[in-house]
Amino acid sequence: MAQEVTNFARFYATFNKIPYSGDREDLKKEMVEKVTFGRTNSLREVTKREYQDLCEGLEKIYPSNRINEAAREELRRQRSICLKLMQKLGIDTTDWNRVNAFCQDGRIAGKQFRDITSEELEQLAKKLRSIERKGGIRELEEPGPKAIVVPFK
């Protein structure tokens, strides 16, 4: 059987967080044996599906580390700041379609609000503060009455 999985980074990222005082190699073999129902105890011989099940099981027991939680909390804080600034500018932040339409403008962010990264949120906050300092968002004025053009006969 050809080796189906060649990159084990996802497994080891979670596996290395497990507090364990015994032989870690034995623990790994035991986990692999359970997920393959006794077929093998070698991580190199697992199928893609078995590898995925193993990783998902580990991630449920040992969720993301504190660094990821801190990054997620920072992203949340920055989103909140941007939404408050948008609200000050008169954008209805209770309507995600309006928030996304505003953010998708190339002059603002060029993408939906949920896709904006942490660094881009910092830039967006600066833009929104600048817009606020300059008087806010101006509505497009309706043009005056149009001249009626009568073609010559």
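In helix α5, which covers residues 96–104, the buried residues are Val-99, Asn-100, Phe-102 and Cys-103. In general, an α-helix has 3.6 residues a turn, so residues three or four places apart point the same way. Keep in mind that this is a predicted model.

**Start of the helix**
- Where α5 begins, Asp-95 has a side-chain oxygen within 3.1 Å of the backbone nitrogen of Asn-97.

**Cysteines**
- Search the whole structure for disulfides and you'll find zero.
- Cys-82 isn't in one: its nearest cysteine sulfur belongs to Cys-103 and sits 7.7 Å away.
- A disulfide needs the two sulfur atoms within 2.5 Å.
- Cys-103, back on α5, is likewise in no disulfide, with the sulfur of Cys-82 as its nearest, 7.7 Å away.
- Are these two cysteines buried or exposed? Cys-82 is buried, at a relative accessible area of 1%, and Cys-103 is buried too, at 0%.

**The largest pocket**
- How much space lies in the largest pocket? About 210 Å³.
- Its lining is made up of Phe-102, Asp-105, Arg-107, Ile-108, Ile-131, Gly-136 and Ile-137.
- Sort that lining by type and you get four nonpolar residues, one polar and two charged.

Methods: Residues are numbered from 1 along each chain as its sequence is written. This is a predicted model: local features need pLDDT of at least 70, side-chain atom pairs count only at pLDDT 80 or more; totals for chains, interfaces and linings use all residues. Side-chain values use heavy atoms; hydrogens and water are left out. On a 1 Å grid over the protein atoms alone, a cavity is a set of points where a 1.4 Å probe fits but cannot get out, and a pocket is an open set with protein on both sides within 12 Å along at least five of seven lines; lining residues have an atom within 4 Å of a point. Grid points are joined across faces, edges and corners, and a volume is the space filled by probe spheres set on the points. Ala, Val, Leu, Ile, Met, Phe, Trp, Tyr, Cys and Pro count as nonpolar, Asp, Glu, Lys and Arg as charged, and the others, Gly among them, as polar. Buried means under 20% relative accessible area, exposed over 50%, partly exposed in between (1.4 Å probe, protein chains only). Helices (H or I, at least four residues) and strands (E, at least two) are DSSP runs, numbered from the N terminus. A polar contact is a pair of N or O atoms within 3.5 Å; within protein, one must be able to donate a hydrogen and the other to accept it, and residues adjacent in sequence count only if both atoms are side-chain atoms.
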